[in-house]
Amino acid sequence: DWTTGNVIDEQVAAIREQVGTKRAICGLSGGVDSAVAAALVQKAIGSQLTCVYVDHGLMRKDETEQVEKDFVAATGVQLKVVDAQERFLTALAGVSDPEEKRKIIGREFIRVFEQAQAEIVAEAPGDQPVEFLVQGTLYPDVVESGGGTGTANIKSHHNVGGLPEDLEFKLIEPLRKLFKDEVRMVGAELGLPDEIVQRQPFPGPGLGIRIVGEVTKDRLDLLREADAIAREELTKAGLDRDIWQCPVVLLADVRSVGVQGDGRTYGHPIVLRPVSSEDAMTADWTRMPYDVLAKISTRITNEVADVNRVVLDVTSKPPGTIEWE
Ligand code: XMP
């Protein structure tokens with residue numbers, strides 16, 4: 001019978017067997033999946049695990065601080081934070097194609113993990129090698145990256161289809177057979193707080209796949225502002241639990257004419273994509289209260305420079321996916 005207790009016991013035993021006395025690192029993204037994977041592996045191998053948080057500059061506002069604070073407080077795990085903003089921005093320069101972006105981000109993550117691996121070994125030489133990489137891959141990530149039998153590749157999730165071919169780590173993916181709701185139950189059973197376990201999903205490639213067009217520092221800053229406003233208003237309206245997630249997307253290559261103050265503007269649209277879902281495999285657009293939408297729209301157009309239009313995505317999945325790229 002499926003119980004969270006069984007899943008935990010089975011995985012803990014399997015991970016101990018697989019890792020032995022060697023060491024592992026786990027990429028933490030701030031999301032539910034990697035947090036639960038890390039907590040599970042920590043339960044299995046304790047201090048043989050080091051978590052690595054890659055600040056790729058594609059994070060939302062205040063996200064990095066949150067990971068450093070919340071996750072370490074909840075688990076006491078060893079954490080290494082790597083500032084890799086320059087590296088990711090440079091690698092993404094000039095790239096607009098969604099799959100190309102995903103592959104670049106997946107590859108750069110691994111390159112940063114390799115660097116972290118070398119540093120960890122250098123800091124504690126003579127100790128056991130760091131051979132394993134823990135990922136919070138879920139069943140839907142595998143399916144949508146074309147890993148399920150007979151399924152087409154819809155998009156390369158950064159930790160599945162986006163991995164480079166010369167990967168030298170051995171992977172530990174304890175959540176690979178689970179859906180999100182099951183992962184949340186496992187996380188709760190492991191003692192992780194609600195602020196982590198009940199967080200809305202956020203993709204590993206971050207805002208990089210929410211800018212339609214080339215990813216630049218200025219565009220990221222703009223989108224971060226718009227996203228922070230939307231999140232603040234959704235939370236204020238008490239909608240966090242009703243909405244599965246609400247991507248905020250910048251159409252960076254589109255401009256439309258507007259009028260603000262007493263002048264003409266020619267700015268970018270921001271798309272709000274609130275969805276309701278059980279497992280992200282299918283989704284419906286959320287029928288959100290108009291007054292909350294109005295508030296978000298007014299604030300974004302008033303407060304975010306270069307944005308003069310806010311539009312609502314009313315597409316279910318299928319035919320749309322949740323993220324635009
Ligand atoms: P789509 O856009 O495929 O998204 O309908 C389904 C769910 O997966 C999230 N997502 C990702 N999560 N790495 C992740 O960790 C990724 O590369 C990735 N791509 C999409 C998305 O936010 C939604 O919850």
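Guide: Let's start with D62, which counts as exposed because it has 12 C-beta neighbours inside 10 Å. The scale calls a residue buried with 20 or more other C-beta atoms within 10 Å of its own, exposed with 12 or fewer and partly exposed in between, with C-beta atoms placed from the backbone. This is a predicted model, where local features need pLDDT of at least 70 and side-chain atom pairs count only at pLDDT 80 or more, while totals for chains, interfaces and linings use all residues. Residues are numbered from 1 along each chain as its sequence is written.

Visitor: Where is the place of D62?

Guide: D62 sits in the loop between β2 (49-55) and α3 (63-75). Helices (H or I, at least four residues) and strands (E, at least two) are DSSP runs, numbered from the N terminus.

Visitor: And what is the phi of D62?

Guide: About 65°, a positive value, although D62 is not a glycine. Most residues other than glycine have a negative phi. D306 also has a positive phi, about 80°, and is not a glycine either.

Visitor: Which loop holds D306?

Guide: D306 belongs to the loop between α10 (290-303) and β12 (307-312). It counts as partly exposed because 14 C-beta neighbours fall inside 10 Å.

Visitor: While we're on the backbone, what kind of peptide bond runs from K317 to P318?

Guide: A cis one, with omega near -15°. The bond that joins P318 and P319 is cis as well, with omega at about 10°. Most peptide bonds are trans.

Visitor: Changing topic: which residues does the UniProt "binding site" annotation cover?

Guide: The record, an unreviewed entry, puts it on S29, G30, G31, V32, D33, S34 and A35. UniProt positions follow the numbering used here, feature names are shortened, and annotations may be inferred rather than shown by experiment.

Visitor: Let's take S29 from that stretch. Buried or exposed?

Guide: S29 is buried, because 24 other C-beta atoms lie within 10 Å. Its place is the loop between β1 (23-28) and α2. Leaving out residues up to four places away in sequence, S29 touches S34 and G204. Contact here is two C-beta atoms, placed from the backbone, within 7 Å.

Visitor: And S34, which helix is that in?

Guide: S34 is in helix α2. It counts as buried, because it has 24 C-beta neighbours inside 10 Å. Beyond four places in sequence, S34 touches C26, G27, L28, S29 and G136.

Visitor: At what angle do the axes of α1 and α2 cross?

Guide: The axes of α1 (residues 4-19) and α2 (residues 32-45) cross at roughly 60° and come within 8 Å. Those axes are lines fitted to C-alpha atoms, for helices over the stretch in contact, and angles run from 0 to 180 degrees between N-to-C directions.

Visitor: Which residues make the contact?

Guide: On α1 they are I8, Q11, V12, I15, R16 and V19, and α2 brings L40, V41, K43, A44 and I45. By class that is eight nonpolar, one polar and two charged residues. For those classes, Ala, Val, Leu, Ile, Met, Phe, Trp, Tyr, Cys and Pro count as nonpolar, Asp, Glu, Lys and Arg as charged, and the others, Gly among them, as polar.

Visitor: How many residues of each class are in the shell around the ligand?

Guide: Five nonpolar, five polar and four charged residues. Of the 14 residues around the ligand, P201, P203, T321, I322 and E323 come nearest; a residue is near when its C-beta atom, placed from the backbone, lies within 6 Å.

Visitor: One more: what does L272 touch, leaving out residues up to four places away in sequence?

Guide: A230, C246, V248, I296, V310, L312 and D313. L272 lies in strand β9 (residues 263-272) and is buried, because 23 other C-beta atoms are within 10 Å. Its C-alpha atom is separated by 26 Å from that of A35, 237 residues apart along the chain.
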